[in-house]
Amino acid sequence: MDYSKYKDQPEFQAALREMFSSLDDSVLNNPRYASILETIEEPDRIITFDVNWVDDKGEKHTNKGYRIQFNNANGVYKGGLRFHKSVNLSILKLLGFEQIFKNYLTTLPMGGAKGGSDFDPKGKSDNEVKNFCYAFMKELYPYIGVDLDVPAGDIGVGGREIRYLYEAYKQYSGKSDCSLTGKPLDLGGSLCRTEATGYGVTYFARGALKTYKDTNFKGKKVIVSGSGNVALYCLKKVVDYGGTVIAMNDSDNTIYAPNGIDFETIRALKEDRRGRIKEYKDLVKDEVEVLGSKDIWSIKCDLAFPCATQFELDEEAAKRLIANGCIGVFEGANMPCTLEAANLFIANKVIYSPGKASNAGGVAVSGLEIEQYKLGEKWSFEEVDLKLKHIMKTIFKNCYDTAKRLGDEYNLIKGANNYAFVGVAEKMLNK
Ligand code: NDP
């Protein structure tokens, strides 16, 4: 693989390196996959557009909008939309490429896609976010649809943004099909979608802790980075299982609460008030220390769940976690650990799960949202949660069994990538 052609796309290059350096010789040297190995890095289609919107003072702004339809061998294009000032083609290609294999791992019929904009919803009024979402969808709607491409949320795109995007989709297309998932319930969303990614990574971790270390969450000190959708529901489930979440962060600060962070207090702060994490200290009587955002990985813990953003946990942070006795690192975010950090965990027999395996719960429940729409059914929270548990268990088993078969039991990167690459390649060959 010639990575140099992607020297201007370092994030995408990192995703390619992670995949191709982990493939077994039996895959790399199999003539059946030769053409796939050459072409899989090319997205089927990249749609770029200008998003022209107006702020509350009547001033006009233009942001860049993207949708990458990467690969639909396994089903309709599927993957989230990210609104964040850092968004560019390289980051979206990283996320879209990962999504192809993640979606295959869920066992549901979904291909890989990703999209978004460099628009930053932080500090914008509801009205400005609405104006932006309508302007974004005005450009995107001809390219999506329930049998073609079904976007969902990601960083900066939660229930509020999906509501505006879906209302705009209906207005511009004249259709009300399931062409966006993660919708609020009154617009046809699925129960348990909000919780799905955070719960899913915890279900995955539970299986891994039992299999590798014959242990569970009880009494464990846990760090969950981020404080958005994935992080909040990861915290909730870790606490349900008997663990204590002692630290979380946002891009400004870390809060360290040795007796545990209270779910309802932090949920209300972040979801209802869109507050900053340091405000948590004033909301509880318990001991809370406010540190810098990057200090989070210096805190001693048993388990770590990076749930914020890509490349937030580097080799230095990995060394500190290992020295502090951490026994498991489970990615809730997409590629939060650098490849060097991940390899260090694997070499030290710290359980490490790549995001494409352990954070697949969100897209899995999105897949179930489409299924409910197509069947004309509404499943209960418990029903969806049970299906999610089953999917996460299957993902872990397929990744673990593959890693073990390849003689590298602790290497779930190898397990996930070899299992998913072969699966997607076969779909492409049989298309
Ligand atoms: P949100 O926008 O809800 O939350 C993101 C959180 O991460 C915020 O608390 C944000 O803080 C924090 N953050 C962002 N950058 C940094 C940084 N450099 N250092 C520390 N904290 C940071 O996003 P989600 O929870 O939805 O997504 C989080 C991750 O999970 C992403 O990688 C996403 O791609 C992945 N993911 C999400 C899924 C989902 O269902 N939502 C599904 C699968 C993966 P701040 O407010 O300061 O920006």
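This is a predicted model: local features need pLDDT of at least 70, side-chain atom pairs count only at pLDDT 80 or more; totals for chains, interfaces and linings use all residues.
By class, which residues make up the lining of the second largest pocket? There are five nonpolar, five polar and five charged residues in that lining.

## Ligand shell

The ligand is surrounded by 25 residues. Asp154, Thr197, Ser251, Arg276 and Asn334 are the closest of these. Divided by class, the shell around the ligand holds 13 polar, seven charged and five nonpolar residues.

Two domains take part in the shell: domain 1, residues 42-187, and domain 2, residues 190-431. Because both give residues to the shell, the ligand lies between them.

## Polar contacts and burial

Serine 251 places a polar side-chain atom 2.4 Å from an oxygen atom of the ligand. Backbone atoms also take part: a polar backbone atom of serine 227 is 3.0 Å from a ligand oxygen atom, and a backbone N or O atom of valine 230 lies 3.0 Å from an oxygen atom of the ligand.

Taken alone, the ligand exposes 900 Å², and the protein buries 85% of that area. The elements that give two or more residues to the shell around the ligand are α7, spanning 193-213, and α8, spanning 229-240.

## Second largest pocket

The volume of the second largest pocket is about 370 Å³. It is lined by 15 residues, of which Tyr203, Arg206, Gly207, Lys210 and Lys393 are the closest to the pocket centre.

Helix α14, residues 381-405, gives the most to this lining, with seven residues. Both α7 and α14 supply at least two residues each to the lining of the second largest pocket.

Notes
Residues are numbered from 1 along each chain as its sequence is written. Side-chain values use heavy atoms; hydrogens and water are left out. A residue is near a molecule or strand if one of its heavy atoms lies within 4 Å of it. A polar contact is a pair of N or O atoms within 3.5 Å; within protein, one must be able to donate a hydrogen and the other to accept it, and residues adjacent in sequence count only if both atoms are side-chain atoms. Accessible areas come from the Shrake-Rupley method with a 1.4 Å probe; for residues, only the protein chains shown count as cover. Helices (H or I, at least four residues) and strands (E, at least two) are DSSP runs, numbered from the N terminus. Ala, Val, Leu, Ile, Met, Phe, Trp, Tyr, Cys and Pro count as nonpolar, Asp, Glu, Lys and Arg as charged, and the others, Gly among them, as polar. Domain bounds come from an automatic or database domain assignment. On a 1 Å grid over the protein atoms alone, a cavity is a set of points where a 1.4 Å probe fits but cannot get out, and a pocket is an open set with protein on both sides within 12 Å along at least five of seven lines; lining residues have an atom within 4 Å of a point. Grid points are joined across faces, edges and corners, and a volume is the space filled by probe spheres set on the points.
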